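Please walk through the complex shown here, one chain at a time and then across the contact between the chains.

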Amino acid sequence: MELLILAINAILVGNLLLAKFLGICPFLGVSKKISTALGMAMAVTFVMVLASTVTWIIQVGVLNPLGIGYLQTIAFILVIASLVQLTEMAIQKFSPSLYEALGIFLPLITTNCAILGVAVMNIDEGRGFVTMLVYSFAASLGFGLALLLFAGLRERLETAAIPEAFRGAASALVVAGILSLAFMGFSGLV
Amino acid sequence: MSLILPILVLSGIGAVMGAGLAVAAKFLSVEEDPRVEALMEILPSANCGACGYPGCSGYAKELVAGVDIGLCSPGGSDTVAKIADILGVEAVALVPKVALVRCAGGRNLAPDRSIYVGPSSCKAAVLVGAGPKECRWGCVGLGDCAEVCEDDAVDFTEDGLAFVRADLCIACARCVKACPRDLIQMVPADRKVHVLCSSQDPGKNTKAVCQVGCIACKLCARRDKASFVVENNSASVLYEEGSKDTPVAALVCTPGAIWDANEDDLVSWLTDPARREALKERQAELKARERAERAAKKKAAAAAKKAKADKADESGPAEPAEPGTQKGGQ
């Protein structure tokens, strides 16, 4: 039950993109098409769960016992960068079209603050292994949910009759703001 | 110890990750077509986008997939030959292109109606009351095209009219996108006769705001229907197949909006004040010559008719002997 609450909290109430404002770069960058957004969400999910697991093991198993917890940031970045590289290779191998569509945003997952944010949050909150796993997965699901919702909205905006000055990035930012406001409605849920 | 431990730990993590990646690279390696790299070597690396693909690398990838090999205009025929060599296909003749600003109305011929004070950009200027120029189609002359040109091929006349120096133009078509009035067109470099006006106002209005604007009189199209078209009150050259240079069209153009590169180079054609006087004289000459030709033709035709009539008179009685008439009689 506690895990379920944690998951709902991570997906809706404390949504990475719309409540914590982490990982805005791909949120605006790869949300033009639902199919690309889905690919990005899956890549982020993969990297986030894997990175959180590995970083948790490193923090709890290596850094803390040796008393060098201050190496957290640099060690985590090292892990995340390698994992992104791995994901990139895998996607290039198994789905070249997705690789093309994600473009520069794929290597940019390296610097996606949502990944590092979740990894660091897991440590800061003192989560256990299972809780960490659930939270990371739920958080990435929340990321994917927000990304897909936003991509769907933007696809419709493409064909909507909006004043020329508001086309493109301007309306996208306005919609992002409204979406974030809407997600604030979840704040009393848990 | 407190210094060595972090170093050791970090290097350890790095080494493990590196090893993991090395193994993964072996299993997940994607075989890239070696021709792509070879193509990257010979493409001009201008990354101009003239081919319609994102950068030279984008074009190289598409080339391997089998797109038209004659799209790299900055590279020219040499590059096309090399591409054909690498891909093992027949080289196609690349029609070199140049950018052409289709407006001849400098400030002296197409006056301004207001003084624009603001950011020095055509895009900004045309937003304010349809631009500072009386003609709402013409060149504003603030140089958005020159800004994007990396080869300094865009120059300006004294009267603030942009024009492209064909010898410097690599046909990247960046200026085509930059011009807020869509004045710039990519034209085949071997063509000599061009219409340098883009106004779509009715002739009367164009005449009121520009001395060299196309008034859509259709004289050019009447001379060569296959090469000129007049649409939306604007004449233009059809550069496609079947069209050719028609120097006489430049001669008959009432306002003198058609430039014939055989006669003048672009700068003098745009700036020489005596040019239009000379054109009028030559138009009168042409008219007189054609009238004389027509008269001569008429005369010749009349003479031929007369001769025929005389001959018919002579052979008149023999006519019923023709086989057709005989047959009809039976």
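The term pLDDT stands for the predictor's confidence in each residue, on a scale from 0 to 100. It is needed at the outset, for this is a predicted model. In chain B, confidence is highest in S3(B), at 94, and lowest in helix H13 (residues 323-329) of chain B, where the mean is 46. Over residues 321-330 of chain B the pLDDT is below 50, and beyond near neighbours in sequence this stretch has one contact in the model. For chain B as a whole the mean pLDDT is 86, with 95% of its residues at 70 or more. For the complex, the predictor gives an ipTM of 0.74 and a pTM of 0.56.

Chain A can be taken next. Its secondary structure consists of eight helices and zero strands, and the pattern along the sequence is accordingly written α-α-α-α-α-α-α-α. Chain A has 190 residues, and 36% of them are buried. Among its contacts between residues at least 6 apart in sequence, 79% join residues at least 24 apart.

Just after H6(A), A:Gly126 has a positive phi of about 65 degrees.

Setting aside neighbours within four places in sequence, A:Leu116 is in contact with A:Phe76, A:Ile77 and A:Ile80.

Chain B has both kinds of element, with 13 helices and eight strands. Of its 330 residues, 30% count as buried. Among contacts in chain B between residues at least 6 apart in sequence, 56% join residues at least 24 apart.

The largest nonpolar core has 69 residues, and the members that touch the most others are B:Ala99, B:Val101, B:Val164, B:Ala257 and B:Ile258. Domain 1 (32-94) and domain 2 (97-279) of chain B both contribute residues to this core, so it lies between them. The contacts of B:Val101, leaving out residues up to four places away in sequence, are B:Cys139, B:Ala162, B:Phe163, B:Val164, B:Leu183 and B:Ile184. Apart from this core lies another, of 51 residues, which includes A:Val54, A:Ile58, A:Tyr135 and A:Ala139. As a general matter, nonpolar side chains in soluble globular proteins tend to be buried together.

Two loop residues of chain B deserve a look for their backbone angles. B:Ala173 has a phi near 65 degrees, a positive value in a residue other than glycine. B:Ala173 sits in the loop between strand S3 (162-164) and helix H7 (174-178) of chain B. Is B:Ala173 buried or exposed? With 22 other C-beta atoms within 10 Å, B:Ala173 is buried. The second residue, B:Asn233, is likewise not a glycine and has a positive phi of about 60 degrees. B:Asn233 belongs to the loop between strand S6 (228-231) and strand S7 (234-237) of chain B. There are 17 other C-beta atoms within 10 Å of B:Asn233, so this residue is partly exposed.

The contact between the chains remains. Chain A supplies 16 residues to it and chain B supplies 13. On the side of chain B that touches chain A, eleven residues are nonpolar, two are polar and none are charged. Neighbours within four places in sequence aside, B:Met17 is in contact with A:Leu78, A:Val79 and A:Ser82. B:Met17 counts as partly exposed, because 18 C-beta neighbours lie inside 10 Å.

Note on methods. Residues are numbered from 1 along each chain as its sequence is written. Chains are lettered from A and ligands numbered from 1 in the order in which they are written. This is a predicted model: local features need pLDDT of at least 70, side-chain atom pairs count only at pLDDT 80 or more; totals for chains, interfaces and linings use all residues. Two residues are in contact if their C-beta atoms, placed from the backbone, lie within 7 Å. Ala, Val, Leu, Ile, Met, Phe, Trp, Tyr, Cys and Pro count as nonpolar, Asp, Glu, Lys and Arg as charged, and the others, Gly among them, as polar. Helices (H or I, at least four residues) and strands (E, at least two) are DSSP runs, numbered from the N terminus. A residue is buried if 20 or more other C-beta atoms lie within 10 Å of its own, exposed if 12 or fewer, and partly exposed in between; C-beta atoms are placed from the backbone. A nonpolar core is a set of buried Ala, Val, Leu, Ile, Met, Phe, Trp, Tyr and Cys residues joined through C-beta atoms within 7 Å. Domain bounds come from an automatic or database domain assignment.
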